[in-house]
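Dear colleague,

I am handing over the structure below, and I would be glad if you kept it open while you read the notes that follow.

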Amino acid sequence: MAAVMLSAAFSFAQEHDWAQFGRYYESNQSIQKKPKAVFMGDSITDFWINNDGAFFSDNNFLDRGISGQTTSEMLVRFRQDVIDLDPEYVVILAGTNDLARNNGKIELRNILGNLISMCELAKLHGIKPILCSVPPASKFGWRPELTPADDIITLNSMIRDYAEKTGIKYVDYHSVLKDGQNGLPAEYSGDGVHPNKEGYRVMKNTVLKVLK
């Protein structure tokens with residue numbers, strides 16, 4: 001009975017694909033040119049290519065964002081979706097879904113720990129990590145009980161401090177996107193979390209200063 005239960009659990013785990021290894025598996029196999037940068041992230045990165053595909057194709061960048069993911073899930077798939085692709089840079093934009101508790105509550109220090117682990121793995125394999133601030137948000141539509149603005153600022157300070165201490169480049173999206181309440185204004189977003197085309201234009205101009 002125990003063996004049957006274990007087998008059923010393993011089968012479910014395979015179908016569920018918690019870290020979503022399957023999302024980019026086939027795309028990764030078809031890559032023939034070493035990318036300049038892989039953009040690792042959640043929906044903010046995932047939706048970027050649909051809003052500005054030329055940003056990726058013209059610059060030899062790859063989008064490896066997956067909607068809803070936390071830093072824990074990104075760390076699990078980091079080898080397949082970053083290291084194995086051997087880019088010059090990895091641009092890491094993560095933390096929104098951790099703060100939204102998509103996989104349960106997580107301390108800020110542990111979010112930072114996941115980001116540090118990704119950076120350490122990248123450097124071990126000769127890839128230059130770039131850390132990005134979490135974009136501003138005063139609320140999450142799918143978690144209306146949370147007020148994330150201050151936690152985002154605190155986490156960004158922790159990320160920036162780590163980047164400065166280790167010589168890692170830091171991209172500050174928060175400062176160029178925020179409104180007076182440290183949220184993401186309608187000018188840059190339709191839902192206060194995900195950038196619109198204008199928001200992505202601002203982000204593009206900000207990150208290209210580091211990548212070029």
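A residue is called buried if its relative accessible area is under 20%, exposed if that value is over 50%, and partly exposed in between. Please keep in mind that this is a predicted model.

By this cut-off, Phe 56 counts as buried because its relative accessibility is 2%. Phe 55 is likewise buried, with a relative accessible area of 2%, and Phe 61 is buried too, at 5%.

These residues also meet through their rings. A pair of aromatic rings is described by the distance of the centres and the angle of the planes. The count comes to 10 aromatic pairs; among them is the edge-to-face pair of Phe 55 and Phe 56, with 5.0 Å from centre to centre and 75 degrees between the planes. Phe 55 also pairs edge-to-face with Phe 61, where the centres are 5.3 Å apart and the planes stand at 70 degrees. One aromatic cluster takes in Phe 55, Phe 56 and Phe 61 together with Phe 39, Trp 48 and Tyr 200.

Turning to the surface, Trp 18, Phe 21 and Val 76 form a nonpolar patch whose accessible area together is about 260 Å². Val 76 belongs to helix H6, which covers residues 71-76, and is partly exposed, with a relative accessible area of 38%.

Finally, Asp 84 sits in the loop between helix H7 (78-81) and strand E3 (89-93), and at 53% relative accessibility it counts as exposed. Its C-alpha atom is separated by 18 Å from that of Ser 72, which is 12 residues apart from Asp 84 along the chain.

Methods. Residues are numbered from 1 along each chain as its sequence is written. This is a predicted model: local features need pLDDT of at least 70, side-chain atom pairs count only at pLDDT 80 or more; totals for chains, interfaces and linings use all residues. Side-chain values use heavy atoms; hydrogens and water are left out. Patches are made of residues with over 30% relative accessible area and no salt bridge: like charges are joined within 9 Å, nonpolar side chains (Val, Leu, Ile, Met, Phe, Trp, Tyr) within 5 Å. Accessible areas come from the Shrake-Rupley method with a 1.4 Å probe; for residues, only the protein chains shown count as cover. A salt bridge is a side-chain nitrogen of Lys or Arg within 4 Å of a carboxyl oxygen of Asp or Glu. Helices (H or I, at least four residues) and strands (E, at least two) are DSSP runs, numbered from the N terminus. Buried means under 20% relative accessible area, exposed over 50%, partly exposed in between (1.4 Å probe, protein chains only). Rings of Phe, Tyr and Trp (its six-membered ring) pair if their centres lie within 6.5 Å; planes under 30 degrees apart count as stacked, over 60 as edge-to-face and the rest as tilted.
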